[in-house]
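Please examine the sequence and the structure before reading each solution.

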Amino acid sequence: MTKCGYVSVVGRPNAGKSSLLNWLVGEKIAMVSHKANATRKRSNIIVMHEDDQIVFVDTPGIHETEKLINKFMLDEALKAMGDCDLILFLAPITDKLTHYEDFLVKNKKNVNHILLLTKIDNVSNEEVLAKMKEYEVYSDKYESVIPVSIKKATTHADILDSVVKHLPEHPYLFDPEIMTTEHMRDIFKEFIRESIFENISDEIPYETDVLINKVEEKPKIDVIKATIIVQKGTQKGMIIGKNADAIKRIGRDARLKIEKLTGRKCFLELFVSIKKGWTKDKQGLKELGYDVTF
(Lines give C-alpha, C1' and ligand atoms only; values in the text may rest on other atoms or scores of the structure.)
Protein backbone atom coordinates (compact mmCIF):
# COMPACT_ATOMS: atom_id res chain seq x y z
CA MET A 1 0.00 0.00 0.00
CA THR A 2 1.30 3.41 -0.89
CA LYS A 3 1.63 6.27 1.57
CA CYS A 4 0.24 9.71 0.81
CA GLY A 5 -0.58 12.83 2.78
CA TYR A 6 -0.39 16.59 3.24
CA VAL A 7 2.72 18.13 4.78
CA SER A 8 2.58 21.81 5.71
CA VAL A 9 5.85 23.71 5.50
CA VAL A 10 5.79 26.53 8.06
CA GLY A 11 8.11 28.96 9.80
CA ARG A 12 8.73 32.63 10.33
CA PRO A 13 8.91 34.96 7.31
CA ASN A 14 12.00 34.35 5.17
CA ALA A 15 12.85 31.03 6.84
CA GLY A 16 13.53 29.41 3.45
CA LYS A 17 10.26 27.56 2.86
CA SER A 18 9.85 28.24 -0.86
CA SER A 19 13.55 27.62 -1.61
CA LEU A 20 13.32 24.25 0.13
CA LEU A 21 10.23 23.23 -1.84
CA ASN A 22 11.69 24.25 -5.20
CA TRP A 23 14.78 22.17 -4.33
CA LEU A 24 12.72 19.14 -3.31
CA VAL A 25 10.58 19.17 -6.47
CA GLY A 26 13.53 20.00 -8.71
CA GLU A 27 11.72 22.84 -10.45
CA LYS A 28 11.21 26.55 -9.89
CA ILE A 29 7.52 26.69 -8.88
CA ALA A 30 7.21 28.52 -5.56
CA MET A 31 7.96 32.23 -5.33
CA VAL A 32 11.31 32.95 -3.68
CA SER A 33 12.47 36.31 -2.36
CA HIS A 34 15.18 37.43 0.05
CA LYS A 35 12.54 39.78 1.46
CA ALA A 36 10.21 38.53 4.19
CA ASN A 37 6.49 37.87 3.68
CA ALA A 38 6.66 37.38 -0.09
CA THR A 39 4.42 34.28 -0.05
CA ARG A 40 0.75 35.24 0.49
CA LYS A 41 -1.32 32.12 -0.16
CA ARG A 42 -1.12 28.40 0.38
CA SER A 43 -0.03 26.32 -2.59
CA ASN A 44 0.40 22.58 -3.10
CA ILE A 45 3.66 21.16 -4.44
CA ILE A 46 3.65 17.44 -5.15
CA VAL A 47 6.74 15.27 -4.70
CA MET A 48 6.92 11.57 -5.52
CA HIS A 49 9.33 9.64 -3.29
CA GLU A 50 9.77 6.10 -4.58
CA ASP A 51 6.18 4.73 -4.49
CA ASP A 52 4.83 7.34 -2.07
CA GLN A 53 3.28 10.76 -2.71
CA ILE A 54 3.93 13.81 -0.54
CA VAL A 55 1.74 16.88 -0.99
CA PHE A 56 3.75 19.75 0.45
CA VAL A 57 1.79 22.89 1.33
CA ASP A 58 3.80 26.11 0.99
CA THR A 59 2.56 28.73 3.46
CA PRO A 60 3.05 32.41 4.30
CA GLY A 61 5.41 33.13 7.17
CA ILE A 62 3.94 33.04 10.69
CA HIS A 63 3.82 36.63 11.92
CA GLU A 64 1.51 39.12 13.62
CA THR A 65 0.41 42.48 12.16
CA GLU A 66 -2.66 44.67 11.85
CA LYS A 67 -2.82 44.87 8.03
CA LEU A 68 -5.72 42.90 6.60
CA ILE A 69 -3.57 41.25 3.92
CA ASN A 70 -1.15 40.07 6.63
CA LYS A 71 -3.99 38.76 8.79
CA PHE A 72 -5.13 36.78 5.74
CA MET A 73 -1.58 35.38 5.38
CA LEU A 74 -1.47 34.28 9.02
CA ASP A 75 -4.90 32.69 8.63
CA GLU A 76 -3.61 30.76 5.59
CA ALA A 77 -0.67 29.42 7.58
CA LEU A 78 -2.83 28.40 10.55
CA LYS A 79 -5.36 26.62 8.29
CA ALA A 80 -2.55 24.69 6.62
CA MET A 81 -1.21 23.61 10.01
CA GLY A 82 -4.60 22.35 11.14
CA ASP A 83 -5.48 20.49 7.94
CA CYS A 84 -2.34 18.38 7.37
CA ASP A 85 -0.90 15.01 8.36
CA LEU A 86 2.54 16.38 9.28
CA ILE A 87 4.25 19.76 9.68
CA LEU A 88 7.79 20.69 8.71
CA PHE A 89 8.84 23.62 10.87
CA LEU A 90 11.77 25.53 9.38
CA ALA A 91 14.05 27.17 11.91
CA PRO A 92 17.02 29.17 10.57
CA ILE A 93 20.13 28.14 12.50
CA THR A 94 20.78 31.66 13.85
CA ASP A 95 17.25 32.07 15.28
CA LYS A 96 16.48 32.05 18.96
CA LEU A 97 13.90 29.49 20.10
CA THR A 98 11.15 32.11 20.46
CA HIS A 99 9.79 31.53 16.92
CA TYR A 100 9.56 27.79 17.59
CA GLU A 101 7.88 28.40 20.94
CA ASP A 102 5.33 30.64 19.22
CA PHE A 103 4.69 27.86 16.69
CA LEU A 104 4.05 25.35 19.49
CA VAL A 105 1.36 27.67 20.88
CA LYS A 106 -0.26 28.09 17.44
CA ASN A 107 -0.18 24.34 16.69
CA LYS A 108 -3.53 23.94 18.46
CA LYS A 109 -4.21 20.42 17.17
CA ASN A 110 -0.72 19.21 18.16
CA VAL A 111 -0.08 17.90 14.66
CA ASN A 112 3.14 15.86 14.55
CA HIS A 113 6.07 17.89 13.26
CA ILE A 114 9.68 17.58 12.16
CA LEU A 115 12.08 20.42 12.95
CA LEU A 116 14.33 21.46 10.06
CA LEU A 117 17.35 23.61 10.90
CA THR A 118 17.87 25.74 7.79
CA LYS A 119 20.55 28.14 6.49
CA ILE A 120 23.41 26.12 8.01
CA ASP A 121 25.81 26.73 5.08
CA ASN A 122 27.73 29.52 6.82
CA VAL A 123 28.09 28.00 10.27
CA SER A 124 30.35 25.29 11.67
CA ASN A 125 29.29 21.74 12.56
CA GLU A 126 29.88 22.65 16.21
CA GLU A 127 27.35 25.49 15.96
CA VAL A 128 24.81 23.15 14.37
CA LEU A 129 25.27 20.61 17.16
CA ALA A 130 24.98 23.37 19.79
CA LYS A 131 21.69 24.57 18.29
CA MET A 132 20.32 21.01 18.19
CA LYS A 133 21.24 20.74 21.87
CA GLU A 134 19.22 23.91 22.59
CA TYR A 135 16.13 22.38 21.00
CA GLU A 136 16.44 19.22 23.10
CA VAL A 137 14.43 20.94 25.84
CA TYR A 138 11.45 20.38 23.52
CA SER A 139 12.38 16.87 22.42
CA ASP A 140 9.00 15.55 23.55
CA LYS A 141 7.29 17.91 21.07
CA TYR A 142 8.98 17.08 17.74
CA GLU A 143 9.52 13.82 15.89
CA SER A 144 13.08 14.58 14.81
CA VAL A 145 15.54 17.40 14.04
CA ILE A 146 17.20 17.55 10.61
CA PRO A 147 19.89 20.11 9.72
CA VAL A 148 19.30 21.17 6.12
CA SER A 149 21.80 22.50 3.60
CA ILE A 150 20.54 22.89 0.05
CA LYS A 151 24.06 23.83 -1.08
CA LYS A 152 26.06 21.22 0.82
CA ALA A 153 25.60 17.68 2.08
CA THR A 154 21.88 17.26 2.71
CA THR A 155 20.08 15.08 0.17
CA HIS A 156 16.43 15.03 -0.76
CA ALA A 157 16.18 11.52 0.66
CA ASP A 158 17.25 12.65 4.15
CA ILE A 159 14.13 14.75 4.39
CA LEU A 160 11.72 12.69 2.28
CA ASP A 161 12.47 9.43 4.10
CA SER A 162 11.70 11.09 7.43
CA VAL A 163 8.49 12.65 6.08
CA VAL A 164 7.10 9.44 4.59
CA LYS A 165 7.50 7.61 7.94
CA HIS A 166 4.77 9.82 9.39
CA LEU A 167 2.28 9.71 6.51
CA PRO A 168 -0.80 7.45 6.46
CA GLU A 169 -1.25 4.56 4.07
CA HIS A 170 -3.44 6.04 1.36
CA PRO A 171 -3.91 5.98 -2.43
CA TYR A 172 -2.44 8.90 -4.37
CA LEU A 173 -4.40 12.12 -4.06
CA PHE A 174 -3.11 13.49 -7.37
CA ASP A 175 -1.77 12.32 -10.71
CA PRO A 176 1.90 11.36 -10.07
CA GLU A 177 2.90 13.24 -13.24
CA ILE A 178 1.95 16.69 -11.94
CA MET A 179 4.14 18.85 -9.69
CA THR A 180 1.53 21.30 -8.40
CA THR A 181 -2.22 21.79 -8.20
CA GLU A 182 -1.76 25.48 -8.97
CA HIS A 183 -3.15 26.80 -12.25
CA MET A 184 -0.47 28.11 -14.62
CA ARG A 185 -2.05 31.55 -14.41
CA ASP A 186 -1.34 31.60 -10.67
CA ILE A 187 2.27 30.53 -11.21
CA PHE A 188 2.71 33.27 -13.83
CA LYS A 189 1.30 35.77 -11.33
CA GLU A 190 3.79 34.69 -8.67
CA PHE A 191 6.71 34.94 -11.11
CA ILE A 192 5.72 38.54 -11.90
CA ARG A 193 5.36 39.32 -8.19
CA GLU A 194 8.77 37.79 -7.54
CA SER A 195 10.30 39.98 -10.25
CA ILE A 196 8.76 43.05 -8.60
CA PHE A 197 10.37 42.06 -5.30
CA GLU A 198 13.71 41.60 -7.05
CA ASN A 199 13.66 44.91 -8.93
CA ILE A 200 11.79 47.36 -6.67
CA SER A 201 13.04 48.28 -3.20
CA ASP A 202 11.50 49.23 0.15
CA GLU A 203 7.82 48.68 0.97
CA ILE A 204 6.43 49.03 -2.55
CA PRO A 205 6.49 45.30 -3.41
CA TYR A 206 4.36 44.58 -0.33
CA GLU A 207 1.67 46.96 -1.57
CA THR A 208 1.53 45.51 -5.08
CA ASP A 209 -0.30 42.57 -6.55
CA VAL A 210 -0.82 41.12 -10.01
CA LEU A 211 -3.90 40.28 -12.05
CA ILE A 212 -3.47 37.97 -15.03
CA ASN A 213 -5.81 39.44 -17.66
CA LYS A 214 -5.21 37.01 -20.49
CA VAL A 215 -3.22 33.90 -21.38
CA GLU A 216 -3.27 32.84 -25.00
CA GLU A 217 -1.34 29.80 -26.23
CA LYS A 218 -0.41 30.38 -29.87
CA PRO A 219 1.39 27.74 -31.95
CA LYS A 220 4.88 29.16 -31.36
CA ILE A 221 4.46 31.52 -28.42
CA ASP A 222 2.44 32.16 -25.26
CA VAL A 223 0.91 35.63 -24.99
CA ILE A 224 0.33 36.84 -21.42
CA LYS A 225 -1.22 40.16 -20.44
CA ALA A 226 -1.13 41.18 -16.77
CA THR A 227 -1.83 44.22 -14.62
CA ILE A 228 0.34 45.21 -11.66
CA ILE A 229 -1.87 46.68 -8.91
CA VAL A 230 -0.47 49.44 -6.67
CA GLN A 231 -2.00 51.61 -3.93
CA LYS A 232 -0.67 55.08 -4.83
CA GLY A 233 0.23 57.17 -7.84
CA THR A 234 3.82 57.53 -6.63
CA GLN A 235 4.11 53.73 -6.53
CA LYS A 236 2.88 53.52 -10.11
CA GLY A 237 5.65 55.88 -11.17
CA MET A 238 8.29 53.78 -9.42
CA ILE A 239 6.99 50.52 -10.90
CA ILE A 240 7.18 52.04 -14.38
CA GLY A 241 10.47 53.88 -13.79
CA LYS A 242 12.28 56.49 -15.83
CA ASN A 243 11.85 55.78 -19.53
CA ALA A 244 9.87 52.67 -18.42
CA ASP A 245 13.16 51.05 -17.37
CA ALA A 246 11.79 49.45 -14.19
CA ILE A 247 8.76 47.79 -15.76
CA LYS A 248 10.94 46.56 -18.62
CA ARG A 249 13.26 44.87 -16.11
CA ILE A 250 10.31 43.35 -14.24
CA GLY A 251 8.82 42.07 -17.50
CA ARG A 252 12.10 40.66 -18.78
CA ASP A 253 12.89 38.81 -15.54
CA ALA A 254 9.35 37.39 -15.25
CA ARG A 255 9.33 36.33 -18.90
CA LEU A 256 12.59 34.38 -18.47
CA LYS A 257 11.19 32.55 -15.43
CA ILE A 258 8.02 31.66 -17.34
CA GLU A 259 9.93 30.45 -20.40
CA LYS A 260 12.21 28.29 -18.24
CA LEU A 261 9.20 26.57 -16.66
CA THR A 262 7.09 26.12 -19.82
CA GLY A 263 9.87 25.54 -22.34
CA ARG A 264 8.06 27.90 -24.72
CA LYS A 265 8.61 31.44 -25.95
CA CYS A 266 6.56 34.05 -24.11
CA PHE A 267 5.36 37.54 -24.94
CA LEU A 268 4.54 39.29 -21.67
CA GLU A 269 2.73 42.64 -21.65
CA LEU A 270 2.45 44.48 -18.34
CA PHE A 271 0.12 47.32 -17.33
CA VAL A 272 -0.03 49.26 -14.02
CA SER A 273 -3.23 50.26 -12.23
CA ILE A 274 -3.93 52.09 -8.95
CA LYS A 275 -6.32 50.52 -6.43
CA LYS A 276 -6.23 52.69 -3.31
CA GLY A 277 -6.00 50.89 0.02
CA TRP A 278 -6.44 47.38 -1.39
CA THR A 279 -4.28 45.76 1.34
CA LYS A 280 -6.64 47.07 4.03
CA ASP A 281 -9.99 46.50 2.28
CA LYS A 282 -11.81 43.17 2.47
CA GLN A 283 -13.60 43.68 -0.85
CA GLY A 284 -10.38 44.77 -2.52
CA LEU A 285 -8.64 41.63 -1.31
CA LYS A 286 -11.46 39.41 -2.57
CA GLU A 287 -11.31 41.06 -6.00
CA LEU A 288 -7.64 40.12 -6.17
CA GLY A 289 -8.33 36.49 -5.33
CA TYR A 290 -7.83 36.43 -1.55
CA ASP A 291 -10.67 34.52 0.08
CA VAL A 292 -10.98 36.56 3.29
CA THR A 293 -13.32 34.71 5.65
CA PHE A 294 -12.61 36.41 9.00
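Two exercises with worked solutions follow; the model is predicted.

**Exercise 1.** Classify the aromatic pair formed by Y100 and Y138, and locate both residues in the chain.

*Solution.* 
Step 1. A pair of aromatic rings is described by the distance of the centres and the angle of the planes.
Step 2. For Y100 and Y138, the centres are 5.7 Å apart, and the planes stand at 70 degrees. Rings pair if their centres lie within 6.5 Å, and planes over 60 degrees apart count as edge-to-face. The pair Y100 and Y138 is therefore edge-to-face.
Step 3. Y100 belongs to helix α3 (residues 98–106), whereas Y138 lies in the loop between α4 (125–135) and β6 (145–147).
Step 4. Y100 and Y138 are both buried. They belong to one aromatic cluster, together with F89, F103 and Y135. A search of the whole structure gives five aromatic pairs.

**Exercise 2.** Determine the strand order of the sheet and state which strands stand at the edges.

*Solution.* 
Step 1. Strands of a sheet pair through backbone hydrogen bonds, either parallel or antiparallel.
Step 2. The open sheet has six strands, ordered β2-β3-β1-β4-β5-β6, with mixed pairing.
Step 3. From one strand to the next, the twist averages 25 degrees.
Step 4. Strand β5 (residues 113–118) and β6 run parallel and are joined by three bridges. L117 has P147 in β6 as its bridge partner.

Terms used
Residues are numbered from 1 along each chain as its sequence is written. This is a predicted model: local features need pLDDT of at least 70, side-chain atom pairs count only at pLDDT 80 or more; totals for chains, interfaces and linings use all residues. Side-chain values use heavy atoms; hydrogens and water are left out. Rings of Phe, Tyr and Trp (its six-membered ring) pair if their centres lie within 6.5 Å; planes under 30 degrees apart count as stacked, over 60 as edge-to-face and the rest as tilted. Helices (H or I, at least four residues) and strands (E, at least two) are DSSP runs, numbered from the N terminus. Buried means under 20% relative accessible area, exposed over 50%, partly exposed in between (1.4 Å probe, protein chains only). Two strands pair if DSSP finds at least two bridges between them. Axes are lines fitted to C-alpha atoms, for helices over the stretch in contact, and angles run from 0 to 180 degrees between N-to-C directions.
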